[in-house]
Structure formats: structure tokens, C-alpha cells
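Work through the exercises below with the coordinates open. Try each task before reading its solution.

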Amino acid sequence: MQLPTVQTRFLDLPGSFSLRNGAVLDKVRVAYEQYGALTPEKDNVILLFHALSGSQHAYGYNPEVPGTGSLWKPENHEGWWNSIIGPGKPLDTDRFCIICANYLGGCYGTTGPASPSPTDGLPYGSRFPHVEAADQARLQALLLDSLGIERIHLAGPSVGGLIALSFACQFPERVRSFISIGSGYRASIEHRLSLFEQILAIELDPDFRGGDYYQGPAPKKGLAFARIIGHKSFVYQEGLEQRARKEVGGKSGLLTWMTPTRSTQSYMLHQGTKFAERFDANAYIRIADMWAEFDIRDHAPDGTFKTALEGFRRAGIPSLVFSIDTDCCFRPAEQQDFVAQLESARIPVEFHTIVSTKGHDSFLLEPELYAEPIRRILAEGHPEHTP
Ligand SMILES: CC(=O)SCCNC(=O)CCNC(=O)[C@H](O)C(C)(C)COP(=O)(O)OP(=O)(O)OC[C@H]1O[C@@H](n2cnc3c(N)ncnc32)[C@H](O)[C@@H]1OP(=O)(O)O
Ligand SMILES: N[C@@H](CCO)C(=O)O
């Protein structure tokens, strides 16, 4: 079936937006997309959260997003979850209205470091604050308010699952169901160190200039290296020789002394250099930093799961958690721990382990593996196995 052409919409917040760390942003713009009609009662909404470098464009074909400069590349034009969103699909646009927004600090239309600061019209650059997942969730609650939508289903893969969890803990009365895919309640120490290395790779590029590079060359080498480090955790490394094409080729522009001898090296160089053309380094470090700093226990004044999950428990939000057996970004043991925390808080949860050779990115590369449990929880409103 031919994909519908869709357009990104924009919300310009009327007032200022205060972040948890005390920073205040004026004239915040949120880029979002909406698929499927809202019912007159506005009670059929799925709020979908994208992954680290994804965007608001989850479904259909969108060749252009105003304000993204040269970053909106052909690989962005097709929605990142096209195979499970649409008429009759698990995220059924005949029945549901799906909303997905780009993150604050991002580079696909929502206000971010490259946006003009209202104080002087120049790009924020280094002046753009750190953003937390809790801020992202609150901003999306404001987006829902502006659309007159009260209650929603939540679905988030990867870093999107962290924001969905923050939303469920901050606004439990607004949530009908919660779906977490290859995600958890915090980043492991292993992944926090990887995110630190990714930020360091950008920092060490002389073109980064503390984040104030918009008048000169962008730190593309640092961003490419950051992506290579990150991508290593998004693939199933044991399967990478099969995933990469056999040849060793192409000039990446990243190396001077070394000549790649392995297909996995040239694959990674390709991933990094291509990515650096479609993403902004400042946006990357804002989202990587947000991911590294997240721990749902920080939502509770006493730092405990019990308090953080109390509203979630009281609201009885049915939950669906997916783990991917080859995920080395959010390892399966982390989801088991997450599910154990939900169960000990007496939250009804259904747990699935997806068997895949694609690693963490499985949710992007083979979404159909996740389809049936998602279809069912959205249709029935309760998990299959309750504790
Ligand atoms: C499909 C999407 O979701 S993209 C749009 C939205 N984006 C997002 O949501 C962000 C997240 N997306 C992603 O991280 C990625 O797009 C993924 C993981 C989903 C898919 O990654 P891909 O790079 O498309 O897939 P894969 O790992 O198979 O790599 C294929 C690429 O590596 C190249 N490649 C493969 N082997 C080699 C090699 N030996 N040497 C050099 N390059 C190689 C291929 O030519 C291909 O290049 P191309 O993308 O320029 O056509
Ligand atoms: N490959 C995905 C996974 C990380 O969430 C991305 O870049 O968004």
C-alpha cells in the first residue's frame, strides 16, 4: 500500500518553559506528527516516543520538515515505524490517533541548540541547557493539553521508553497503558560510560568549540566517532560480520594513517560519516546526556522505586515490557530487573523477550516481532499475565 504523505505540525508554547534544573526557555516550539483521526471524546490517543536519533516522523512519507536545514535526509523521509503503524496495523490508524513529537534539544524541528535564542536571534549553541527526561515528558503533557487530550496510551522504544516511564510516573492519571521496548528505568554503568565516550568524541573535535560552531564548520568527525561508539551498542556484535556487506570500501575521510582491512570497520565508518550529515552534534550530546543521567528513582523525594512508582501503581496502568535477547545497550537482565520492580510495586505487567540477530535496533529493523502483544494490549487494555 502506498504510504500517505504527512506533514510535521508545530506547537509554539505561549509562555516560557521551566526545566527541572532551573533553566528557563522562552518561545519553545514542539514539532510533532499526528496519524489517524481523534475521536470526538479525544480518547483514542497513543503517544509514541522516538529513540535517540529518531524523529517525530514515525509513519508515512515526509520529504520536508521546515527548520531542519540540510539535516532532513532521504533516510528520514520514511516513517521509522511504517510497518506497524497504519490502517489495520497494530498501531491502527483506523482506530487510534498516534502522536509523536521531537525532543527538546533535538534537531528535527523542536527547539534545540541550533535554534535562534529569543534574546539575540543567534543560535543557542553552548547556551542551550541540559534537558532531563522528566522535562521531555512534561513538555509532551503540555502538547497534549494544547490539543485538549487528557488520557493516552504510552509507547516508547529505547530512550523513548525512559521518557514514557517518566510520563507515567509524573502523570499516572493520564495513562491508559504503558509499553516499553528495549528500555528500562535507567542506563547501566556500561552504557553510561559508552554515552560519556560519545560525548567526549564530540568534545574532542576542535570544530566543536564548546558547542558554538554554527558560524563555522560543524564537528562532523567527532559526531561520526560518537555514532560509531553508539552504534557498536545498537548492533548484535557477534552478528555484525553477517550484517555488513563483505567488501571493505569507500573513503570515509576519518582516517589518515590507517586503511580499513575489515568489512566491519568500513561498515562502522560508513555509519558514522553518514550519520554526521543527518544530525546535529549539540543535539546529540543533549540527548545522550539526558539518557545517561536518567534514573526513575530520581522522580521520588526519597529516591526509592516504591515512591517513584506509587502513582503508577495506584492508577493500575497495564504494562507491556519487551526485552531483546541480543541487546547490549539495555541488556535483558535490566528488563528483568525492571519487570521485577514493577511487579513488586504490584503493577500488572506482561513481559516478552524478542529473539533477534539485530541487537538493540531490532525494534527499528523488525517491528513486526513486537506487533501482536502491542495490538492486544491496545485492544484489550490489560496485560496477558498479571502477577
Ligand atoms: C529505518 C529508520 O529508522 S531511519 C529513519 C529514522 N531514523 C531513526 O529512527 C533513527 C534510528 N535509525 C537507525 O539507527 C538506523 O537507520 C537503523 C539502525 C534503523 C538502520 O541502519 P542502516 O544503516 O539502514 O542498516 P544496516 O545496519 O543494515 O546498514 C546498511 C548501510 O551500511 C552500508 N554498509 C553495509 N556494509 C558495508 C561495508 N562493508 N562497508 C561500508 N558500508 C557498508 C550499506 O551500504 C548501507 O548504507 P546506506 O544506509 O548508505 O544505504
Ligand atoms: N539506533 C537508534 C537506537 C538508539 O536509541 C537511534 O539511533 O535512535
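The exercises that follow treat a strand, an annotated site and a loop residue in a predicted model.

**Exercise 1. Strand β5**

Task: Determine which residues of strand β5 lie on each side, and whether they are buried or exposed.

Solution. 
- Start with the general rule. Side chains in a regular strand alternate between the two faces of the sheet.
- Apply it to β5, residues 45-48. Val 45 and Leu 47 are on one side. Ile 46 and Leu 48 are on the other.
- Check burial. The cut-off is under 20% relative accessible area. These four residues are all buried, so both faces of β5 are covered.

Solution. 
- Take β9, residues 152-157. Ile 46 has His 153 as its bridge partner in β9.

**Exercise 2. The annotated site**

Task: Which residues does the UniProt annotation "active site" cover, and how are they placed in space?

Solution. 
- Read the record. The unreviewed UniProt entry lists Ser 158, Asp 327 and His 360 under "active site".
- Compare sequence and space. The set spans 203 residues of sequence, yet it clusters: the largest C-alpha distance is 10.5 Å.
- Look at the largest pocket. From this set, its lining takes in Ser 158 and His 360.

Task: Locate Ser 158 and His 360, classify their burial, and describe how their side chains are joined.

Solution. 
- Classify both. Ser 158 has a relative accessible area of 2%, so it is buried. His 360 has 1%, so it is buried too.
- List contacts beyond four places in sequence. Those of Ser 158 include Trp 291, Phe 330 and His 360. Those of His 360 include Ser 158, Asp 327 and Phe 330.
- Inspect the pair. A polar contact of 2.8 Å connects the side chains of His 360 and Ser 158.

**Exercise 3. A loop residue**

Task: Is Thr 93 buried or exposed, and what does it touch?

Solution. 
- Thr 93 is in the loop between β7 (91-92) and β8.
- Apply the cut-off. Its relative accessibility is 13%, so Thr 93 counts as buried.
- List the contacts, leaving out residues up to four places away in sequence. Among them are Tyr 35, Tyr 59, Pro 87 and Ile 98.

Conventions: Residues numbered from 1 in each chain as written. Chains lettered and ligands numbered in written order. Predicted model: local features only at pLDDT ≥ 70, side-chain atom pairs only at ≥ 80, totals over all residues. Heavy atoms only, no water. Buried < 20%, exposed > 50% of the residue type's maximum accessible area, 1.4 Å probe, protein only. Helix = DSSP H or I, 4+ residues; strand = E, 2+ residues; numbered from the N terminus. Pairing = 2+ DSSP bridges. UniProt positions renumbered as here; feature names shortened; annotations may be inferred. 1 Å grid on protein atoms, 1.4 Å probe; cavity = no way out; pocket = protein on both sides within 12 Å on 5 of 7 lines; lining within 4 Å. Contact = heavy atoms within 4.5 Å. Polar contact = N/O pair within 3.5 Å; in protein donor to acceptor, adjacent residues only side chain to side chain.
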